[in-house]
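Me: Please take this model apart for me, pockets and ring contacts included. Keep it short and give the cut-offs.

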Amino acid sequence: MTEVQKRKAGKILRRFRGDSYAFGLGVLDKVGEYAADLGETAMVIASTSDWLKPTVDRVLAALKDKGVRLAPDHIVPDAAPNAPREDVFRLETYILHFQPDVIIAIGGGSSIDAAKAANVLAVLGTYDPDIERYFGTGEVVKALKATGKELKPLVAVATAASSGAHLTKYSNITDLTEGQKKLIVDDAIVPLRAVFDYSLTKTMPKGFTADGALDGVAHCLEVFYGASDETFDSIKDVALLGIELVVNNLQRVMNNPNDETGREALGLATDLGGYAIMIGGTNGAHLTSFSLVDVTSHGRACALMNPYYTVFFAPSVEKQLRLVGDIYKQAGLISEDLDRLSGRDLGIAVANGMVELSRRIGFPTKLTDLEGFTDEHIQRALTAAKNPQLDMKLKNMPVPLNADLVDEYMGPILQAAKVGDFSLIKNMES
């Protein structure tokens, strides 16, 4: 990562969140100041695992230093991966019993997402205790306006460069019995304050590091694909910088997990991904990933699916593909002369560059690479795509679909991803 890239990313993030977000190396203690500004008692949600204990201890010391007391007087265990509903309900109960002034969630995206959703249920449960009521876009704001209530202030302390949950209006919650994720999308659930000390990510395992980094790429890429003529320029700088930071630093960090410069680059990149999904929306790959929750991680699912959606979108996103493709080509992941290609052929070349990066870091490149994958997952994904609660993902596509078109066009994308054959993808005629 160059100093120019670092300064540019920092400027973008400061413009995005101002003084409400502390990011960089050595900023963890800022959480004490943030919490003290919001109340006298805090409920700390975090993993009780040994690997996170030094971070939690530092947070507790920072709170004590600023006179903030714990309520309850112990750490509340956080959510399991993918933020299962059951963990959301458990956290809701803690909030209701102890009524802290401020909630502090320490962890990765799942931990923070579960805290967001639990906060919603704890405050709005008398309005409607069913979490289904809040899935979709803007449902929390509607309920808050109807009741005159406010969510409790939430301070998100990120420990993983991945989803950007500490910065965003999204909460991904999983129904484990159905193997399906659903999504709350609401400005009301954006954490009021956030802290991300990028040095903490040196403890991330290699697989998790790659998952998170490529989730950040997916955020930037999908939002950029869906940019309108009006939003293109504002999204371009954010998205391209985020993608470039990952493509140029991921393999370096995989080879040397303690590379602090590389870790900082991935932290900035995934934060830019978080900003991207606040100014635009993700689409195809994210939508499909929600139906693969029982066979792979979210970042891995997005990385697997984005090349196939790239080919489907290609005739409509040629301007984006030339800019994105240049990043992958300069990184040595594409051999073709992209200037000689256009439309679907350009999409295939860029998609192959994405596949090559996945191959080099040992990621799956087709659905049949996933242990436990069956054709039922394809049917599940097609069914989910027709669910009105996830309709925003279809509408965010640069080639918008509606429920009536899902089987005709998304079906072939999933069949192509199943076997790794781009030729099966059917482009929509303009």
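Me: Which element gives the most to the lining of the largest pocket?

Reply: A pocket is an open set of points on a 1 Å grid over the protein atoms alone, with protein on both sides within 12 Å along at least five of seven lines, and lining residues have an atom within 4 Å of a point. Helices (H or I, at least four residues) and strands (E, at least two) are DSSP runs, numbered from the N terminus. With five residues, the top contributor to the lining of the largest pocket is α7.

Me: What kind of model is this, and which pLDDT do side-chain atom pairs need?

Reply: Residues are numbered from 1 along each chain as its sequence is written, and side-chain values use heavy atoms, with hydrogens and water left out. The model is predicted: totals for chains, interfaces and linings use all residues, local features need pLDDT of at least 70, and side-chain atom pairs need pLDDT 80 or more.

Me: What is the volume of the largest pocket?

Reply: A volume is the space filled by probe spheres set on the grid points, which are joined across faces, edges and corners. For the largest pocket this gives about 730 Å³.

Me: Which residues lie closest to the centre of the largest pocket?

Reply: The lining has 39 residues. By class, 13 are nonpolar (Ala, Val, Leu, Ile, Met, Phe, Trp, Tyr, Cys and Pro), six are charged (Asp, Glu, Lys and Arg) and 20 are polar (the others, Gly among them). Closest to the centre are N82, G108, G109, S110 and F208.

Me: Which residues lie nearest the centre of the second largest pocket?

Reply: This pocket holds about 180 Å³. Its lining has eight nonpolar, one polar and four charged residues. Of the 13 lining residues, those nearest the centre are L151, K152, P153, A188 and V190.

Me: Which elements give two or more residues to the lining of the largest cavity?

Reply: A cavity is a set of points where a 1.4 Å probe fits but cannot get out. There are three cavities of 30 Å³ or more, and the largest has about 100 Å³ of space. Its lining is 10 nonpolar, two polar and no charged residues. The elements are α7 (206-225), α11 (298-313) and α13 (343-360).

Me: Which residues line the second largest cavity?

Reply: The space there is about 40 Å³. Helices α7 and α9 (260-279) each supply at least two residues of the lining. The lining residues are A161, T201, M204, T209, A213, R263 and L266.

Me: Why is the pair of F16 and Y275 stacked?

Reply: Rings of Phe, Tyr and Trp (its six-membered ring) pair if their centres lie within 6.5 Å; planes under 30 degrees apart count as stacked, over 60 as edge-to-face and the rest as tilted. F16 in helix α1 (residues 3-17) and Y275 in helix α9 are 259 residues apart. Their ring centres are 4.4 Å apart and their planes at 25 degrees, so the pair is stacked.

Me: Is F313 buried or exposed?

Reply: Buried means under 20% relative accessible area, exposed over 50%, partly exposed in between (1.4 Å probe, protein chains only). F313 has a relative accessible area of 0%, so F313 is buried.

Me: Which ring does the charged end of K426 sit over?

Reply: A charge sits over a ring if NZ of Lys or CZ of Arg is within 6 Å of the ring centre and within 35 degrees of the ring normal. The charged end of K426 is 5.1 Å from the centre of the ring in question. That ring belongs to Y409.
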